[in-house]
Amino acid sequence: MKKFTVVPLIFLLSGCYGVGSQRLDRDQLDYSQALIGSSKQQTLLNVVRLRYADTPGFLDTTQLISGYQLQRNISIGVGSDSNPIRPAGAIGAQIQESPTFTFQPVTGDAYAQSFLRPLPPGSLLPLAMGGLPIDILFRLSVQSVNLINNAGAIGGDVGRGSPEFFELIYDLRRLQIAGLLGIQLEHSEEIPGKTPAFDRVFLTVSSTTDPLLAEVVKSTRRFFEMGPKDERVEVVYGAGKPQHGQIRLLTRTMLGVLGQIAYQIDVPQEDIDSGRTLPKIILVGRNTKPTVFVHVSNEQPHLSFVSIKYNNKFYYISDTDFPSKLGFTMLQILMELSKTTKNPGAVLTIPVNG
């Protein structure tokens with residue numbers, strides 16, 4: 001009897017058992033990029049919808065499950081002395097992927113909490129402490145500081161804002177770059193039967209021996225009505241004239257943030273003439289160009305950071321426009337910051353068969 005060895009085939013077959021670890025890195029990165037890309041497109045689409053007074057809508061991907069099925073087979077030909085045949089062997093494997101996505105529309109309480117609730121200063125200002133430019137942060141998320149207003153999303157002269165606002169955030173950015181601007185958070189414990197626990201936010205403006213920056217420090221402290229030697233002032237939510245030792249910061253809702261960017265889009269003149277939308281806001285003051293510059297084209301862009309199609313036109317952010325990409329990324333961060341853990345009612349689960 002002829003003998004054939006099958007050990008090499010067994011080794012080949014055992015090599016397929018590593019499919020899970022081999023696919024983990026690639027699939028994790030692919031799905032991560034797909035989720036981020038779809039989130040960017042949804043945000044830009046809602047900005048454009050608001051530009052045309054269209055209803056925004058939000059759908060969150062809450063769960064992604066990707067299952068794999070590995071099928072293996074092996075066949076070996078065997079011969080004998082009475083019926084010799086040529087030995088043959090075959091091995092095969094097939095991988096089937098079954099991803100399932102779960103979506104939740106943002107409605108009801110979750111919508112109100114995420115998009116209609118003003119961003120709290122205690123959550124907003126630490127973003128500047130983490131290195132995000134404070135001037136862009138304020139332009140996006142702050143409607144007024146004390147008695148001066150940022151531009152609004154309603155257009156016309158009322159929506160242009162105060163030139164002093166843009167001067168202030170320009171100075172704050174200079175101080176931030178120089179390391180003279182700081183944010184401090186203090187947590188006060190609950191006093192049973194008297195006051196609940198709460199967080200306090202303080203903004204610090206440090207002194208310097210640099211003569212140019214010293215003037216910026218002086219003017220900033222004067223605006224906040226700080227004493228010559230005061231370095232810290234408390235930030236509280238609200239509009240109007242503050243009490244001594246406080247800054248009143250009126251923050252926006254996420255719909256307000258989206259609307260602000262929307263009305264800076266330079267849409268085709270034909271859409272304005274036809275009444276489909278309003279002219280964009282014309283801002284007055286230092287460095288008042290759009291925070292996020294959105295281009296409009298009849299052709300699909302070849303080099304874009306994010307793009308969407310709306311009413312047969314393409315709206316996109318150029319991949320070579322770093323300031324707009326930074327502003328849009330900060331918008332995405334604010335979107336994540338505003339999200340709530342409240343569960344909306346409807347859940348949509350879609351299995352995908354490749």
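This briefing walks through the fold, the helix packing, the core and a handful of individual residues.

The model is predicted, and its protein chain carries 11 helices and 12 strands. Of the 354 residues in that chain, 39% count as buried. If we take contacts between residues at least 6 apart in sequence, 65% of them join residues at least 24 apart.

**Helix α7 and its two partners**

- A quick reminder before the numbers: two packed helices are described by the angle between their axes and the distance between the axes.
- Helix α7 spans residues 163–177 and helix α8 spans residues 211–223; their axes come within 10 Å and cross at roughly 130°.
- That angle makes α7 oblique to α8.
- The crossing of α7 and α8 is left-handed.
- On the α7 side, the contact is made by Leu168, Asp171, Leu172, Arg174 and Leu175, while α8 brings Val216, Val217, Ser219, Thr220 and Phe223.
- By residue class, the contact of α7 with α8 divides into 6 nonpolar, 2 polar and 2 charged residues.
- Helix α7 also packs against helix α6 (residues 134–141), with axes that come within 8 Å and cross at roughly 145°.
- Here Ile134, Asp135, Phe138 and Arg139 of α6 meet Phe165, Phe166, Ile169, Leu172, Arg173 and Gln176 of α7.
- The contact of α6 with α7 divides into 6 nonpolar, 1 polar and 3 charged residues.
- Leu172 of α7 is worth a click in your viewer: it is listed in the contact with α8 and also in the contact with α6.

**The nonpolar core**

- In soluble globular proteins, nonpolar side chains tend to be buried together.
- In this model the largest nonpolar core has 66 residues, and Phe138, Val145, Leu203 and Leu334 touch the most other members.
- Helix α7 supplies the largest share of this core, with 6 residues.
- Leucine 334 is in contact with Leu119, Leu124, Leu127, Leu137, Leu140, Ser141, Met254 and Val257, leaving aside neighbours within four places in sequence.

**Helix α9, a mostly covered helix**

- Helix α9 runs over residues 254–262 and is mostly covered, with 7 of its 9 residues buried.
- Those buried residues are Met254, Val257, Leu258, Gly259, Gln260, Ile261 and Ala262.
- Met254 and Val257 are among the residues that leucine 334 contacts.

- Serine 338 lies in helix α11 (residues 322–338), and its relative accessible area of 2% makes it buried.
- Not counting residues up to four places away in sequence, serine 338 touches Gln113, Ser114, Arg117, Leu119 and Met254.
- Serine 338 and arginine 117 are 221 residues apart in sequence, yet their C-alpha atoms are 8.2 Å apart in space.
- Threonine 204 sits in strand β6 (residues 198–205).
- Because its relative accessibility is 12%, threonine 204 counts as buried.
- Beyond its neighbours within four places in sequence, threonine 204 is in contact with the run Leu180, Leu181, Gly182, Ile183 and Gln184, and with Glu231 and Arg232.
- Asparagine 146 belongs to the loop between β3 (142–145) and β4 (148–149).
- Leaving out residues up to four places away in sequence, asparagine 146 touches Phe223, Phe224, Gly240, Pro242, Ile247 and Arg248.
- Phe223 links back to the helix packing, as one of the α8 residues in the contact with α7.

- For context, most residues other than glycine have a negative phi.
- Alanine 53 has a positive phi, near 55°.
- Alanine 53 is found in the loop between α2 (19–51) and β1 (59–76), and its relative accessible area of 68% makes it exposed.
- Asparagine 312 is not a glycine either, and its phi is positive at about 65°.
- Asparagine 312 lies in the loop between β10 (304–310) and β11 (313–318), where it counts as exposed at 64% relative accessibility.

Terms used: Residues are numbered from 1 along each chain as its sequence is written. This is a predicted model: local features need pLDDT of at least 70, side-chain atom pairs count only at pLDDT 80 or more; totals for chains, interfaces and linings use all residues. Side-chain values use heavy atoms; hydrogens and water are left out. Helices (H or I, at least four residues) and strands (E, at least two) are DSSP runs, numbered from the N terminus. Buried means under 20% relative accessible area, exposed over 50%, partly exposed in between (1.4 Å probe, protein chains only). Contact means heavy atoms within 4.5 Å. Axes are lines fitted to C-alpha atoms, for helices over the stretch in contact, and angles run from 0 to 180 degrees between N-to-C directions. Angles under 35 degrees count as roughly parallel, over 145 as roughly antiparallel, 65 to 115 as roughly perpendicular and the rest as oblique. A crossing is left-handed if the near helix is turned anticlockwise from the far one by less than a right angle, and right-handed if clockwise. Ala, Val, Leu, Ile, Met, Phe, Trp, Tyr, Cys and Pro count as nonpolar, Asp, Glu, Lys and Arg as charged, and the others, Gly among them, as polar. A nonpolar core is a set of buried Ala, Val, Leu, Ile, Met, Phe, Trp, Tyr and Cys residues joined through side-chain atoms within 4.5 Å.
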